[in-house]
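Please take a moment to look over the sequence and fold before going on.

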Amino acid sequence: MKNQNNSTIFLKYLHQYVEGNATYLEQEFLEIIAKFSVLTLKKNQLLVDENQVCPYFGFIESGVLQHAILVDDDEKTTYLALRNSVTSSLNSFLNKVPSRKSIKALVDCQLWVINLKGFKDLLANNEAFRQFYYNLIEKQIILIDEYRIDLLTLTPEERYTKLLQTEPKLLQEVPLHYLASFLGISTRHMSRIRKNIK
């Protein structure tokens, strides 16, 4: 793991969650970058394994990570984290408890990561990071709420169509069986849906 000078993508992501142009916070943005390090994961490498403590909170600069749980020895995808988003097993990371899920790189990935000590230091002392984290969590709560409602109210075809409209990158970058698991659809049914919906 190393620090990297080319932080443009990460900085742009941070800025979109901080109110206004926040020019007065530029030094604080630089402090955030300095606290993070670059971590490279190869395809199928784990960021965290189920029942292990998650060591990092991270921003995905490139790649796709699968959040998954085992149910009766069957792997279920609970979330797919794409580039230009953040990832962690948050309860495990914040509370130093074993993770209930694994997070695995589906392709080679590059992340900006921070450990818990650095994370807490930024929350306590960096206004830009506090704004970023608050606004990020607010957005994630809304997305999770929408996803849960969709699972209960939309047909598999409607869920696929919504994903096609809102996250077209997923359909290009993620293998079919992971998408099917994420949407709560069998792989066979997913194949039929894809043939019928272009």
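Two strands count as paired if DSSP finds at least two bridges between them. Strands (E, at least two residues) and helices (H or I, at least four) are DSSP runs, numbered from the N terminus. This is a predicted model, where local features need pLDDT of at least 70, side-chain atom pairs count only at pLDDT 80 or more, and totals for chains, interfaces and linings use all residues. Residues are numbered from 1 along each chain as its sequence is written, and side-chain values use heavy atoms, with hydrogens and water left out.

**The open sheet**
- Strand β4 (residues 64-71) pairs with β5 in the antiparallel sense, over eight bridges; here I69 stands opposite K76 in β5.
- The two belong to an open sheet of four strands with antiparallel pairing, in the order β2-β7-β4-β5.
- β2 (46-48) and β5 are the edge strands with a single partner strand each, so one side of each has no neighbour in the sheet.
- On average, neighbouring strands of this sheet are turned by 30° against each other, direction ignored (axes are lines fitted to C-alpha atoms, and angles run from 0 to 180 degrees between N-to-C directions).

**Strand β3 and its partners**
- Five of the six residues of β3 (residues 57-62) are buried, meaning under 20% relative accessible area with a 1.4 Å probe, protein chains only.
- β3 runs antiparallel to strand β8 (residues 109-114), joined by five bridges, and S62 stands opposite Q110 in β8.
- β3 also pairs in the antiparallel sense with strand β6 (residues 85-87) over three bridges, where G58 stands opposite T87.

**Nonpolar cores**
- A nonpolar core is a set of buried Ala, Val, Leu, Ile, Met, Phe, Trp, Tyr and Cys residues joined through side-chain atoms within 4.5 Å.
- The largest one has 40 residues, and F36, F57, L65 and F132 have the most contacts inside it.
- A second, separate core of 17 residues includes V64, L170, V174 and A180.

**Helix α8 and what follows**
- In helix α8 (residues 176-183), the buried residues are Y178, L179, A180, F182 and L183.
- After α8 comes G184, with a positive phi near 70°.

Notes. Buried means under 20% relative accessible area, exposed over 50%, partly exposed in between (1.4 Å probe, protein chains only).
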